[in-house]
Amino acid sequence: MAKQGIIIEGLSKQYGYGDTAFLALKNVNMHVAPGEVVGLIGPSGSGKSTLLKCLGAVIDPTAGRMTLGDEVIFDGAWHVKDLRALRRDKIGFVFQAPYLIPFLDVLDNVALLPMLAGVDNTTARKQALELLTALDVQHRASAMPSQLSGGEQQRVAIARGLVNRPPVILADEPTAPLDSVRALAVIRMLNDMAKRFETAVIVVTHDEKIIPTFKRIYHIRDGETHEEVGEGRALG
Amino acid sequence: MISLAGRDILHSWGKFIFTGIGLGLLIGVTLIMAGVYRGMVDDGRVLLDNSGADLWVVQKDTLGPYAESSSLPDDWWRSFASLPGVMGASNVTYLTMQVKKGERDVRAMVVGIAQDGPTAAGWPPQLVAGRHITRSHYEAVADVASGFVLGDELKIRRNFYKVVGLTRRMVSSGGDPMIFIPLKDAQEAQFLKDNDAILMQRRRTEENPIFNRPNVPGLLEAVIESQIVNHSVNAVLVRIKPGYSAEEIATSVRRWNRLTVYTRQQMEQILIGKLIATSARQIAMFLVILAVVSAAIVAFIIYTLTMDKIREIAVLKLIGTRNWTISWMILQQALVLGCLGFVVGKITATFAAPYFPKYVLLMPFDSVIGFFAVVVICILSSIVAIRMALKVDPAEAIGG
């Protein structure tokens, strides 16, 4: 069966019950193909983070269906027992700030994920070094996070998100702290990696600098999404 | 899998080292407190061992001669010495006082020993320098802890004594060094009245027509002499011949009903169970307080270290780290801190113990118990931090 990226159908999330009930996501539908990078855009309080948390298996959706790769992971209830393992093996995260582990060097920050999955240290470090090389940051492999520039830290964070070859990467405003040159470089990198590893990438952002680079954009407002074709501006 | 705790410790080693040293000093104090208690017990046992006695005969219904004052006539010993199974019996006096050497003085237990020779009970069993007392008056053998050296002249009451021998670990149950002097001198030192009291007593006697009879020459002088001289001792130390039961001989002595006799076991019970019982409870209270303070420090440090890593813990949880891995990381850090503190504490206690004025006996068993107590304290102290870490929501790593 071919990989399907991530498919979200009729996803809803309700907080509270009765009079205090609040529907944060309303019948959200999305589809991101392998190798594709889509933007998720919306104002504050529109439901972006709630959607990201649902996709990241951090909170439980109230209803709907999610398919990751070729596996249905949620259909009214989680179909996966170990959500922690699901996050570790099937979902890559890239955050607004890199959030690298300050007491691990660059190589081990990336290698930690495969190690957590049970891969031996040597193999995990080899995998990590491959990705660091792909992201052109291998020369800082033995550096501590505090010794890296903001752009280097974000590249390491991307490497960490990709190291377990997850079918989907959730990037939460990955370019927010960067200037336009570095922001575009990060988006270019995400596009390259998505194509190279056939990973579906969802980039949550309201960074005007990078929005024109998406070929497809999902707008979210009051918990509802609608799809729009983006400019797909060339990244050079 | 790499050691997250190890990497974190290496990353912030300064914090761990300084906290470990602080905790170590506290653990060192705790070990020394335990050592002080052990030293007190050992002082008591050494006192009994060095006396060389199998039985202590003291004034009736007293816990003498160490725990209570005891006074009995100094001619009882002959009666005990003639009992079957008794190897020897010696009078002894004990008096804790300030002994003067020039301008300074030393707190010491002055022991009056009968002139029965070095093999008699009550005598110091061995000397580290000099010789035993050979003269009937004004010679002394002092424990090295008193600070006296051979040839020193010390003053007890109004008399001067020359130090002719030195001993080691001859101390009272309170840890005061012993100074041995001849029994007659010790009796005088313990029971001597001051000059004014003697003069008044003499005047009263002279004015008493019963004692001052001109037709009975020498009576007044004899009475006055009897009032000055004191024939009391604090105890009689009895040695038993091999093969005889101390308890049987003690029972035989007790039959006279005017004396109390203690065996070695009973005397040890008095010294350890009664004499130092309050001090032991006091030390136990200190140990409890120190344990609680140590636990609070470890808990606070580990909690603070964990608080500093909340975001990293959220990220670790989000990327799939098991709760056990995070808990183990925190627990390992607490244990490393505890072990570091214990090593620092043990070294501190070992090097500091000799400088304490009282004997501090650091027993390996106490160190083992201390180590396990530190481990338990660290485990308990890390619980708060672990609970907090487990409550961290991985969603905290995602904005919004």
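Me: Which side chains meet in a salt bridge?

Reply: A salt bridge is a side-chain nitrogen of Lys or Arg within 4 Å of a carboxyl oxygen of Asp or Glu. Here A:Asp108 and B:Arg7 pair up that way, at 2.7 Å, N to O. The rule finds one salt bridge across the interface of chain B and chain A. Before going on: this is a predicted model, where local features need pLDDT of at least 70, side-chain atom pairs count only at pLDDT 80 or more, and totals for chains, interfaces and linings use all residues. Residues are numbered from 1 along each chain as its sequence is written, chains are lettered from A and ligands numbered from 1 in the order in which they are written, and side-chain values use heavy atoms, leaving out hydrogens and water.

Me: How many residues of chain B are in contact with chain A?

Reply: Contact means heavy atoms within 4.5 Å. By that rule, 26 residues of chain B touch 25 residues of chain A.

Me: What is the area buried between the two chains?

Reply: Buried area is the accessible area (1.4 Å probe) that two parts lose on being put together, summed over both. For chain B and chain A that's about 2500 Å², with carbon and sulfur atoms giving 67%. B:Met1, B:Ile319 and B:Ile398 supply 25% of what chain B buries against chain A, more than any other three residues.
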